[in-house]
Amino acid sequence: MKCACALTDCVFNKICFVFTYSTQQCHLYVETNANQWPIVYSDDYNIGFLGLERLHPFDSGKWGKVFQHLKEAKMVNEDSVVVPREATQEDLLVVHTSDYLDSLRWSANVAMICEVPPVALLPNFIVQRKVLKPMRIQTGGSILAAKLAVERGWAINIGGGFHHCSGSKGGGFCAYADITLAIKFLFKHIDVVSKAMIIDLDAHQGNGHEADFDKDEQVFIMDVYNAYIYPRDMKVKSAIKKNIELWHGTDDKTYLPLLRKHIPEALDNFKPDIIAYNAGTDVLEGDPLGNLSITPQGIIERDQIVFQEARKRNIPIFMLTSGGYQRRTARIIADSILNLQKEGLISCNYSDSGPRGNRCKSDNKQTTYNTFHHNL
């Protein structure tokens, strides 16, 4: 794909760079068109089979609802979002142990991970097709969103955020470690990314990626969570470099000032090359599992704070939608994305996007993109 900007577009201290990568080396890094948003989604994200999905409080069709809300607002359509590819066994083995992946061939193990006991009674080929395949596609979406963020400055996967899964263990409706995989793929393939920050604002502790990145100096984890609910994983808390524990019922007046204070501090101290933002909406008041009291407007302001702090520092950011156990969360996620657009924090225009050029590792094939450094 040729660089879409003319020389006259490179004004206001913006410089056009060449972005290169090898499609042979990373099949999940699909090419995009200039008229596509760096928003990743597939109808295959949604999980449904014989009504079993209703046995868990998680809305396993929320991803499609988010897309429909954005489509109704005329922000996106089927052609303007990026469709990911399914993560393969080889992709998953970058992080996961073969023993763990083998364990998913037993429906009883998947039932425990998804917290839906009747899944144990299903033939595993059905479980693979109806439950695990959508999660593998979402995992491919998270890996792709991370690449798009480097390319365009930001990206959103309308899915993913399986933060309870590590390389060797799943749980909490999380079967694949998509956050760890997205970051490991960047370290492996993208030269300009050597330091990553995870900002995990889901109501639950992100014990999966914390287990994976414990004692890893390349990764800074900021986790803001209700300390009195699942998983209460004390063994991996040492991996959290900025640990903010909340009480039951924490509201906007307490929550938002904490973010305004600690996010800039963390970014300025660590200076990451990329931010993985786990934007769970289970912080919403009334959520049966999160047990916090953040309003819909508070969630919208939360997401705006994170994007503002990233964008003002020219740090690429990719957002994952993670947990949220009320039917109204899809509407709130969509409203938050629309607000980011209204505030000028996200745009479909390449000329309003990415803060950095890049060269991928071990390149054989080159593709030109229009990405920018600001204030050089």
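Which residue of β7 is the bridge partner of V224? In this predicted model, the bridge partner of V224 in β7 is I244, and the contact belongs to a pairing in which β6 and β7 run in the parallel sense over 5 bridges.

These two strands are part of an open sheet, which is formed by 7 strands in the order β3-β4-β9-β8-β5-β6-β7 with parallel pairing. Because β3 (residues 39-40) and β7 (residues 242-246) stand at the edges and each have a single partner strand, one side of each is left without a neighbour in the sheet. As background, the strands of a sheet pair through backbone hydrogen bonds, and the pairing may be either parallel or antiparallel.

Strand β5, which spans residues 196-200, lies between β8 and β6 in the strand order. On one side, β5 is joined by 5 bridges to the parallel strand β6, residues 219-226, and within β6 the bridge partner of D200 is D223.

Strand β5 is mostly covered, with 5 of its 5 residues buried, where buried means a relative accessible area under 20%.

The largest pocket has a volume of about 240 Å³, and its lining consists of 14 residues, of which H164, S166, K169, N207 and D233 lie nearest its centre. By residue class, the lining of the largest pocket divides into 4 nonpolar, 7 polar and 3 charged residues.

The second largest pocket has a volume of about 170 Å³ and is lined by 11 residues, the closest to its centre being Q25, H27, E90, D91 and F185. Helices α2 (residues 89-92) and α6 (residues 178-189) each supply at least two residues of this lining, and the largest share, 3 residues, comes from α6. The lining of the second largest pocket divides into 3 nonpolar, 5 polar and 3 charged residues.

Note on methods:
Residues are numbered from 1 along each chain as its sequence is written. This is a predicted model: local features need pLDDT of at least 70, side-chain atom pairs count only at pLDDT 80 or more; totals for chains, interfaces and linings use all residues. Side-chain values use heavy atoms; hydrogens and water are left out. Buried means under 20% relative accessible area, exposed over 50%, partly exposed in between (1.4 Å probe, protein chains only). Helices (H or I, at least four residues) and strands (E, at least two) are DSSP runs, numbered from the N terminus. Two strands pair if DSSP finds at least two bridges between them. On a 1 Å grid over the protein atoms alone, a cavity is a set of points where a 1.4 Å probe fits but cannot get out, and a pocket is an open set with protein on both sides within 12 Å along at least five of seven lines; lining residues have an atom within 4 Å of a point. Grid points are joined across faces, edges and corners, and a volume is the space filled by probe spheres set on the points. Ala, Val, Leu, Ile, Met, Phe, Trp, Tyr, Cys and Pro count as nonpolar, Asp, Glu, Lys and Arg as charged, and the others, Gly among them, as polar.
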